[in-house]
Amino acid sequence: MKKKLLSLCLAAAMVFGLAACGGSAAPSATPAPTAAPTATPAPEAAAPELSGTMKVVATSEDYVTLFDKFTEETGVKVELLSMSSGEVLSKLRAEGGTPAADLWFGGGIDAFMSAKDDGLLEQVQFDAAADLSDTYKDADGYWYSKGITIVGFLVNDKLLEELKLEAPTSWTDLLKSEYAGEIIMSNPAVSGTNYAVVNALLQTMGEEEGWKYFEGLNENIAYYGKRGSDPKNKTIADEYAIGISYIDRGVEALTEEYPVSIVYPTDGIPWVPEGVAVFKNADNVEAAKYFVEWLFSNDDNLRMLAEIDQKDGVKLVKPSLEGVELGYDTSILMEEDLSLFGAQRTEILERFETLMGDKAANE
């Protein structure tokens, strides 16, 4: 009994001694006050070290407000140049690995995939990338998606009435001879959106039937636009009755200003992620890499982007994003293998260029 009592006393003394010396027996559940600020994002400390000017090629100048916010928070000035994704890729290849810009913002993901394969992009990795869907980011961190573009028809109701024609309801409808000369789409070599249409329909129909389809569609197309916005702009200008166009809230608003309507094809809606990437060997690569992290690490920035784009596709990219909700059922989207977008690009565009003939050359 005395030995047992002596053992208990020694054990108590050892615990007391460890606690007094700050040993491992002290509870870790109550952190010291200095450990509290762990929620503060680490990237904020890197921003003040950035400097100079970041040159950006983007699909629209509408993003100026987003880049102004970046300048206010980092001190990095931004020069913005509007250019389609196909034009960017062609220019990038022509520059021989010495890009004239730092950041690539927007455009169809096929061009980004091809640029990665050509070794023209810089790898960008950051903690918040873990919150982004695997479908909408490169597994190695060479590109990320800022949302998706969906494609349908914008039809000019006034012209259709004058021509005594019904609006098409499907992709197969566009082959009807009555629409000859009344359809416009953009050249898929310069418009990532319309390249997505071509690739998606080839995947859906199969290569043989898909090319037969585009040969028939080509008979009805009067002109292949040089910009992704040409089908929209020329349809509302009464130049064409049917435009194969991207659809967003801005296009939806046109239905209240002009005699036009939107048609979502019943046989499926093509879609394409819009990319964001940093050019390899860029002059201000550190600012560009930080911008990518800055954009995706802060939900306020993503909400601002959604408002500028007038699209909600960023919700697919970052499912946890609050304050942004999809305005459509994803079941209406075509099933697509995105890995084929970049892998098949050169082959598809070479064949499509032959198919278009001089329809893509004339204004």
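Mentor: Both Phe-70 and Trp-294 are buried, where buried means under 20% relative accessible area, exposed over 50% and partly exposed in between, with a 1.4 Å probe and protein chains only. This is a predicted model, in which local features need pLDDT of at least 70 and side-chain atom pairs count only at pLDDT 80 or more, while totals for chains, interfaces and linings use all residues. Residues are numbered from 1 along each chain as its sequence is written, and side-chain values use heavy atoms, with hydrogens and water left out.

Trainee: How many aromatic pairs does a search of the whole structure find?

Mentor: Rings of Phe, Tyr and Trp (its six-membered ring) pair if their centres lie within 6.5 Å; planes under 30 degrees apart count as stacked, over 60 as edge-to-face and the rest as tilted. The search finds 21 aromatic pairs. One of them joins Phe-70 and Trp-294 edge-to-face, at 5.2 Å centre to centre with 70° between the planes. This pair links distant parts of the chain, 224 residues apart: Phe-70 belongs to helix H2 (residues 64-74) and Trp-294 to helix H10 (residues 285-297). Helices (H or I, at least four residues) and strands (E, at least two) are DSSP runs, numbered from the N terminus. Ring pairs also gather Tyr-63, Phe-67, Phe-70, Phe-105, Tyr-290, Phe-291 and Trp-294 into a cluster.

Trainee: Is strand S10 enclosed or open, and why?

Mentor: Nine of the nine residues of S10 (residues 271-279) are buried, so the strand is largely enclosed by the rest of the structure. In a regular strand the side chains alternate between the two faces of the sheet. Here Trp-271, Pro-273, Gly-275, Ala-277 and Phe-279 point one way from S10, and Val-272, Glu-274, Val-276 and Val-278 the other way.

Trainee: Which residue is the bridge partner of Ile-150 in S10?

Mentor: Two strands pair if DSSP finds at least two bridges between them. The partner of Ile-150 is Trp-271; strand S5 (residues 144-156) runs antiparallel to S10, joined by six bridges. Strand S3 (residues 103-108) is also antiparallel to S10, with four bridges, and Gly-108 stands opposite Glu-274.

Trainee: At what angle do the axes of helices H3 and H4 cross?

Mentor: Axes are lines fitted to C-alpha atoms, for helices over the stretch in contact, and angles run from 0 to 180 degrees between N-to-C directions. The axes of H3 (residues 85-94) and H4 (residues 109-117) come within 8 Å and cross at roughly 15°. That makes H3 roughly parallel to H4, since angles under 35 degrees count as roughly parallel, over 145 as roughly antiparallel, 65 to 115 as roughly perpendicular and the rest as oblique.
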